[in-house]
Amino acid sequence: MPIHRALIRHATEKPEKAAVVIDGRALSYGELYGRAGAIYRFLQALPRSNGRSFDLPGVEKLVAVSLGNHIGFAEYFVASTALANACAVIDPVMPEDRIERIVERLAPDVLVVDDAASPSAEIGRRLGIPVIVAGAEPFDLTSTGDDLPADADGIFLIGFTSGTTAEPKAYYRSREQWRRSLDRGRIVFELQDAPSTLCPGALAHGLALYALVEALDAGATFHSVGKWDAGAVAKILSSGIERLVAVPTHIAGIARAWAGEPMASLRDVLTAGAKLNLSEVESMRRLFPKARIREYYGASEIGFMTVSTLVGGVPDFPIDRVGRAYPGVEISIRDSGENDVGADVPGTIFVNSDLIADGYLWGDDGQAFRVTPAGATVGDLGEIDENGMLRVIGRAGGMMISGGNNVYPAEVESALKTCPGVEDAVVFGLPDAYYGQRIVAIVSGEATDAKMLAEHCAGRLARFKVPKQFYHIGSWPMTSSGKIARGQVEASVISGDGLVLRLSA
């Protein structure tokens, strides 16, 4: 991991301080360092796999972790990223066939799971890969020996992200990239005094994994939950947590679940994964009256791209922008020939920085993450104003063509989220004999008048961008990363399975 030197220092200077707390179970810095050392020595003694079909330059041992938000996650992640080892983080709630394809391709030296009867464990055994159950180790976690190695260089992390296909793409990261990011983030997010941090998202996903590493680097206490529960998370937050890192849907759930006094101890809220709207910001202002509210725009393959402060500092308004370039990052908007189009002209977002991933091990379809002489892009579309503020329009692959006009779902969703009574919105296109694609919108919240929703959109969007059909949903199906399961919502509209209700005009 990029922070072994910092971890050694924290374990020496404050061994009794809690490093990680999940569902009330705590692991101190001293325990984390000692137990990770025992795991590391066990891993080093394992034979190397000879079934890997791709090259990982400089990597000695590859450990696959399919643990979920388990208290042992930090121990195994620290141990498996020491020296020249690397860790592949697999979400255990992915469909079994995807997990099997990942594990078969990776051919890791060992697979770490949370349950001997879990699908991941069964897959590992079937493929002849050694399986370790966290919490039931076949070795002594309290044994002592040589210290953990200090920081190395090279690849330390393999992650998985979905792009234009359902097949997970495997990207890899180097320690140097994350060190640079952590060094800047420590200043940008003012983490020098190690604020206690809560991130309720899945550790198998970039937002929560980075928040964990960021907290351990700073010597802070990282809090999470084994399974998302808005009421439980709200209760933890109210106990004196200083910093919250979460996607907007998680924060909305916390606001609905909490009926107590505003949480005055919270000093910072950082969101990502979806654009905040004004009503969400106002809700957070009421719930967290003393917190600075910030959001960032980024991608697993590219890292931080922009950051903005919405409350508690110099505001980076207008609200539809995602902020200015993160330190050390240059952003440009380019046309199909990769020419810079300048200010206030839509195009593809390109980034030049030293935080960009090395690439994909597999799954590179050329439609998402790519690196060219112009920079790196994940295919997102946007525009920059003369003040350097970026607006994200949407992903090129998600563009709808309705009546011969290009329409991006994110733009319509942003307009809907400013409508009174709308909590969240999803927009997509359905085949239509006349329009080519008929724009459909699903909303949650108290707003159930299709005519009012259409009129609201018409006041903010070109007429051809106004949805032709509106639906209401009581509760959104969610992915393990805390985002709306858009595919499931779209399928419900098509199938008429009752999850959504069509609103009459």
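User: Which helix holds His456?

Analyst: His456 is found in helix H12 (residues 450-458). Helices here are DSSP runs of H or I with at least four residues, strands are runs of E with at least two, and both are numbered from the N terminus. This is a predicted model, in which local features need pLDDT of at least 70 and side-chain atom pairs count only at pLDDT 80 or more, while totals for chains, interfaces and linings use all residues. Residues are numbered from 1 along each chain as its sequence is written, and side-chain values use heavy atoms, with hydrogens and water left out.

User: Is His456 buried or exposed?

Analyst: Start with the cut-offs. Buried means under 20% relative accessible area, exposed means over 50%, and partly exposed lies in between (1.4 Å probe, protein chains only). His456 has 10% relative accessibility, so His456 counts as buried.

User: What does His456 touch?

Analyst: Contact means heavy atoms within 4.5 Å. Setting aside residues up to four places away in sequence, His456 touches Ala415, Thr418, Cys419 and Pro420. Ala415 belongs to helix H11 and is itself buried.

User: How many residues of H11 are buried?

Analyst: Seven of the nine residues in H11 (residues 409-417) are buried, and the helix is mostly covered. The buried set is Pro409, Glu411, Val412, Glu413, Ala415, Leu416 and Lys417.

User: Where is Pro138, and is Pro138 buried or exposed?

Analyst: Pro138 sits in the loop between strand E6 (131-133) and strand E7 (155-161). Its relative accessible area is 60%, so Pro138 is exposed. The C-alpha atoms of Pro138 and Gly404 are separated by 63 Å, and the two residues are 266 apart along the chain.

User: Which residues does Ser196 contact?

Analyst: Ser196 lies in the loop between H6 and strand E9 (197-198). At 12% relative accessibility, Ser196 is buried. Neighbours within four places in sequence aside, Ser196 is in contact with Thr221, His223, Gly240, Ile241, Glu242 and Arg243.

User: Now helix pairs. At what angle do H6 and H7 cross?

Analyst: Axes are lines fitted to C-alpha atoms, for helices over the stretch in contact, and angles run from 0 to 180 degrees between N-to-C directions. The axes of H6 (residues 175-188) and H7 (residues 206-218) cross at roughly 70° and come within 11 Å. Under 35 degrees counts as roughly parallel, over 145 as roughly antiparallel, 65 to 115 as roughly perpendicular and the rest as oblique. H6 is therefore roughly perpendicular to H7.

User: Which residues of H6 and H7 meet?

Analyst: From H6 come Trp178, Ser181, Leu182 and Arg186; from H7 come Leu209, Tyr210, Val213, Glu214 and Asp217. By class, this contact has five nonpolar, one polar and three charged residues. Ala, Val, Leu, Ile, Met, Phe, Trp, Tyr, Cys and Pro count as nonpolar, Asp, Glu, Lys and Arg as charged, and the others, Gly among them, as polar.

User: How do H8 and H9 pack?

Analyst: H8 (residues 230-237) and H9 (residues 248-257) pack at about 85°, with axes 8 Å apart. That makes H8 roughly perpendicular to H9. Ala230, Gly231, Val233, Ala234 and Leu237 in H8 meet Gly253, Ile254 and Ala257 in H9. The contact has six nonpolar, two polar and no charged residues.

User: And what angle separates H4 and H5?

Analyst: H4 (residues 96-106) and H5 (residues 119-126) cross at roughly 40°, and their axes come within 10 Å. That makes H4 oblique to H5. Glu96, Ile99, Glu100 and Val103 in H4 meet Pro119, Ser120, Ile123 and Arg126 in H5. This contact divides into four nonpolar, one polar and three charged residues.

User: On to sheets. In what order do strands E25, E26, E27 and E28 lie?

Analyst: Strands of a sheet pair through backbone hydrogen bonds, either parallel or antiparallel. Two strands pair here if DSSP finds at least two bridges between them. The four strands form an open sheet in the order E25-E26-E27-E28, with mixed pairing. E25 (422-432) and E28 (500-502) stand at the edges with a single partner strand each, so one side of each has no neighbour in the sheet. The twist averages 30° from one strand to the next. E27 (residues 469-473) and E28 pair in the antiparallel sense over three bridges. Tyr471 has Arg502 in E28 as its bridge partner.

User: Which way do the side chains of E12 point?

Analyst: In a regular strand the side chains alternate between the two faces of the sheet. In E12 (residues 268-271), Asp268 and Leu270 point one way, Val269 and Thr271 the other, and all are buried. E11 (residues 243-246) and E12 pair in the parallel sense over four bridges. Val245 stands opposite Leu270 in E12.
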